[in-house]
Amino acid sequence: MNNENTSKENSPSQHTCYKQLSTKQKLVFKLIVIALLFVSIVSIIILPPVVLLVIRRTTLPTSTATVNPCSSTTCIGQETPNQIVTTTVLYQFNGNANDSSGRFVGIPFGNPTYVTQSCVGTSALNLNSGSFQYIQIPYVNLEKQSFTIETWLYLTTNSVVGDFGIFSQCDLDLICLSISLKNGRFILSFDSMNIQNKTLVGTTLFSIREWMHLTVIYDATLYQQRIYINGRIDAVSNGIVSAYQGASKNTTTTVGRSRFLSSGFTFFQGRIDHFKISIGTVRTTCQIYNDATLTAYYPFDTSSTFDDFSVNRFNGIASNTTVISAGRYEQAINFTSSISYFQAQSFPVIRNTSGSSPPFTFSLWVNPTSPIGGGSLVHISNLPSGAGFLCYDLLALTMTGALVVQFMESGFSVTGLQGPILPINTWSHIAVIYSRENGIRLLFNGQVYVTSSLIAIPQNIARWEVPLYITLGNNSPLGPSSGITCQTGSISFVSGSYIGAIDEFRLYNRELNAQELCNLVNI
């Protein structure tokens, strides 16, 4: 009762105090109350999420973060399939001067020949500079835009001294885009018949009697010329370089011949293979590197299952196989019987005749479904039957499912290395690498399993001048009835049909590094 009276007595007193305030004081009091209410509301809305965010950032366990074990700077997984579109002109030189689309058929001059010692495909253009041989092709619009020109070259002279024409496009006013090899270095000019023309000169010295890959680029966005050798940058223009200004009418475009004011017409001496012009396109650094070093790539997906997705177009054939959806990446090819096989003529680049022991790498995913029986995973031969005076299993399985990798050190002597036993119904990654410095290495799921001693050269791969056949899943398209006999080493294994799946077969004409191998396993 007393508390109630006290409360009632205080209320009028408090109200009286507010009335005694001046107008300004009342205004200030109201503003203070409003401010306090605003701060309280803002604190209720904003403070809890901020505190929660801070707590999460400071208390998040590091073990929950996903760490990519591989470098993101390699070109593995950045392959671009070779698609013939309206902006691409490709001369494979497989016995003729026709382009792949049939729209830019070339005309030979001086009676050039085609030889089976090719870099890509079944033959290459062979030119004799003394006979003024070249191919004239229809007009290809390179005027005032970007472009990429790529080709394989093989110089057959005894010296790089001299001027060897590769490509030119000249209009009636002698405004000429010219590419040549002069004293061992590549030269590019957009106005080669002008005494004041600007010329981009390469830095790498060309090797005679060895296939080398050339890429020439003009980037109209950067106003820049670039030269690449074997997929690596060789020269970049300085300052602003205007695009080629030749007229679109009455031009002469040639392969194997170029034209410079200082030397006139010059002609190539040797072989030219897989000459490609990409109009209005600047290929990326990774695309160029893969164009030069990825010899063959078979992803075995449902779209163009047996096609080669490198630029070399080593498309294959298969029989008595199926495509399964449960591949290592998307789909895979499945070998189900004793006559199942896949075959392509895709081993021509892994050799040269100068004795420099070119490196190579091949890799694939395998998933065997039979615990015993052995089988040929990768077989090479000089005949499509799987036989010939040069035939052996590069990679095979023993009766108990252990891997065996074989290679030829000299003559027809085969040496082998034994790897692990493959798990059944499980995808496993296998890679085999050769280099003169490191010998042969067999990698299993990204880790080196076994290595050979240093060897000079696997000669009958590196020196063979005709494309070799590669057969996957068997040693012959004929199966057991073929009765073929091929070279073998001291390690016993079972050559023939393999029962199981294969995915993502890749063949490189170089030694992959550790980061690239990591990407192969983890992409």
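Strands are DSSP runs of E with at least two residues, numbered from the N terminus. The model under study is predicted.

**Exercise 1.** Determine where Thr151 lies and whether the residue counts as buried or exposed.

*Solution.* Step 1: Thr151 belongs to strand β6, which covers residues 147–155. Step 2: a residue is buried when its relative accessible area is under 20%. Step 3: Thr151 has 1% relative accessibility and therefore counts as buried.

**Exercise 2.** Identify the surroundings of Thr151, leaving aside neighbours within four places in sequence.

*Solution.* Step 1: the contacts of Thr151 include Met212, His213 and Leu214. Step 2: Ile272, Asp273, His274 and Phe275 are also in contact with Thr151. Step 3: with Asp273 there is a specific approach, the Thr151 side chain reaching the backbone oxygen at 3.1 Å.

**Exercise 3.** Which residues touch the most other members of the largest nonpolar core?

*Solution.* Step 1: this core holds 47 residues. Step 2: Phe362, Leu377, Val378, Leu395, Ile502 and Phe505 touch the most other members. Step 3: beyond four places in sequence, Leu377 touches residues including Val366, Leu395, Leu403, Ile430, Tyr498 and Ile502. Step 4: a separate second core comprises 43 residues, among them Ala97, Ile137, Leu153 and Val255.

**Exercise 4.** Summarise the chain as a whole.

*Solution.* Step 1: five helices and 32 strands are present. Step 2: of the 523 residues, 51% are buried. Step 3: among contacts with a separation of 6 or more, 68% join residues 24 or more positions apart. Step 4: the chain exposes about 23,400 Å², with 56% supplied by carbon and sulfur atoms.

How values were computed:
Residues numbered from 1 in each chain as written. Predicted model: local features only at pLDDT ≥ 70, side-chain atom pairs only at ≥ 80, totals over all residues. Heavy atoms only, no water. Core = buried A, V, L, I, M, F, W, Y, C linked by side-chain atoms within 4.5 Å. Buried < 20%, exposed > 50% of the residue type's maximum accessible area, 1.4 Å probe, protein only. Contact = heavy atoms within 4.5 Å. Helix = DSSP H or I, 4+ residues; strand = E, 2+ residues; numbered from the N terminus. Polar contact = N/O pair within 3.5 Å; in protein donor to acceptor, adjacent residues only side chain to side chain. Areas by Shrake-Rupley, 256 points an atom, 1.4 Å probe, with all protein chains shown as cover.
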